[in-house]
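Dear colleague,

Please find below the structure that I am handing over to you.

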Amino acid sequence: MQVVFFGTPDFAVPTLKALIAHKDITVLAAVSQPDRPSGRGQKLHAPPVKILCQQHNIPVFQPEKLSKAQEVFDSLRKVQPDLIVIVAFGQILKKEILALPKHGVINLHASLLPAYRGAAPINWAIINGDTATGITTMFTEAGLDTGPMLLKEEIPIDNEVNSEQLGNRLADLGARLTVKTIEQLKAGTLKPQAQDDDKATYAPLLNKAMGKINWSHPAKTIHNLVRGLIPWPLAFTSFRDNTIKIWRTTLINDDHLKQLQQVGSKPPGTIVILANQVFVCCGENSWLELNDIQPANKPKLAAHDWINGIHLQANESFVS
């Protein structure tokens, strides 16, 4: 099977590796987003898919806008791929690209479609408190993740996993599922299934503003927001007029709950220290343990180390 791969971030790398390693698949070329500036020096950095392609001498195209890059389309038409595989590419494919390969275009999507169509399905599954998610391969069409589904696999979401960790698990699972999809496509055993649009939900792009913590919300809601926004844009709060980014929290156990109930009722956001552990009062008289934080213009550190350095006063609190 002659394949052209469309993808950009780390999430796409396991699938590309699996395609390169497969004895019956040849990756003819890849299309990825352009190099972007990052880090303190804002130096240009190549996307992970490009780096892997360079290691295997696979040509890479990086159009700023694929829809306007006629030269990329002409190059892909010349190589005549049997199949295009898309994993987190980040741009919309025009109809001419979708019609190019004789076996169509397969997309790997990080949800159990039709749930969480859109850009951030992993994050929203955690933010919404879902207990399971999965991966779906599908034929790509002009709509937003609306094409016929091919194969699916489900995994649980535990209470402590963050979106980065869950993404790594789904990326590995997706690599295996994509190879399986291609093998069944070649064997003629795939059975596409139309999506039920009435059951569709959406996972829109994330933004920095959504990370602001409202401590009047229940602890579990805040905990889900924190782990759903790792590694970007991160949940945040305010303390002594400074922004504090929250990297990790933990739902408390029954022993801690009994101890905290003895403290008495506190306003949401109030910080309490018990046995060198940091707890924050949340809405509905619930509590959340604070584990890792990042003060403004400082590196990430353990919450108890931060507390030891700020000389916390009685009944001080975070501000929503």
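**Thr 249 and its surroundings**

The side chains of Thr 249 and His 223 are joined by a polar contact of 2.8 Å (a polar contact is a pair of N or O atoms within 3.5 Å; within protein, one must be able to donate a hydrogen and the other to accept it, and residues adjacent in sequence count only if both atoms are side-chain atoms). This is a predicted model, in which local features need pLDDT of at least 70 and side-chain atom pairs count only at pLDDT 80 or more, while totals for chains, interfaces and linings use all residues. Residues are numbered from 1 along each chain as its sequence is written, and side-chain values use heavy atoms, with hydrogens and water left out.

Thr 249 belongs to strand E13 (residues 242–251); helices (H or I, at least four residues) and strands (E, at least two) are DSSP runs, numbered from the N terminus. With a relative accessible area of 4%, Thr 249 is buried (buried means under 20% relative accessible area, exposed over 50%, partly exposed in between, with a 1.4 Å probe and protein chains only). Leaving aside residues up to four places away in sequence, Thr 249 touches Glu 160, His 223, Val 226, Leu 288, Glu 289, Leu 290 and Asn 291, where contact means heavy atoms within 4.5 Å.

**The chain as a whole**

The chain contains 9 helices and 17 strands. Its C-alpha trace spans about 70 × 45 × 30 Å along the principal axes. Of its 320 residues, 49% count as buried. Among contacts between residues at least 6 apart in sequence, 66% join residues at least 24 apart.

**Packing of helix H1**

Helix H1 (residues 13–21) packs against two helices, H2 and H6. The axes of H1 and helix H2 (residues 48–55) come within 10 Å and cross at roughly 20°; axes are lines fitted to C-alpha atoms, for helices over the stretch in contact, and angles run from 0 to 180 degrees between N-to-C directions. H1 and H2 are therefore roughly parallel to each other (angles under 35 degrees count as roughly parallel, over 145 as roughly antiparallel, 65 to 115 as roughly perpendicular and the rest as oblique). The crossing of H1 past H2 is right-handed (a crossing is left-handed if the near helix is turned anticlockwise from the far one by less than a right angle, and right-handed if clockwise). On the H1 side, Val 13, Leu 16, Lys 17 and Ile 20 meet Pro 48, Val 49, Leu 52 and Cys 53 of H2.

With helix H6 (residues 163–187), H1 packs at an angle of about 40°, the axes being 7 Å apart. H1 and H6 are therefore oblique to each other. H1 also passes H6 in a right-handed crossing. In this contact, H1 contributes Pro 14, Thr 15, Ala 18 and Leu 19, and H6 contributes Ala 171, Asp 172, Gly 174, Ala 175, Thr 178, Val 179 and Ile 182.

**Helix H3**

In helix H3 (residues 70–79), the buried residues are Val 72, Phe 73 and Leu 76. They lie on the same side of H3, because they cover an arc of only 100° around the axis (the arc is that of the directions from the helix axis to the C-beta atoms). These buried residues pack against strand E1 (2–7), strand E2 (26–31), strand E5 (60–61) and helix H4 (95–98). Glu 71 and Lys 78 are exposed on the other side of H3. After H3 comes Gln 80, with a positive phi near 50°.

**Gln 91**

Gln 91 sits in the loop between strand E6 (83–87) and H4, and is buried at 17% relative accessibility. Its side chain reaches the backbone oxygen of Pro 63 at 3.1 Å, and a polar atom of that side chain lies 3.3 Å from the backbone oxygen of Glu 64.

**Backbone features**

A cis peptide bond with omega of about 10° joins Leu 113 and Pro 114; Pro 114 is in the loop between strand E7 (105–109) and strand E8 (117–118). The peptide bond from Ile 230 to Pro 231 is also cis, with omega near 0°.

Asn 297, a residue other than glycine, has a positive phi near 60°, and is exposed, with a relative accessible area of 85%. Asn 315 likewise has a positive phi, near 65°, and counts as exposed at 52% relative accessibility.

Yours sincerely
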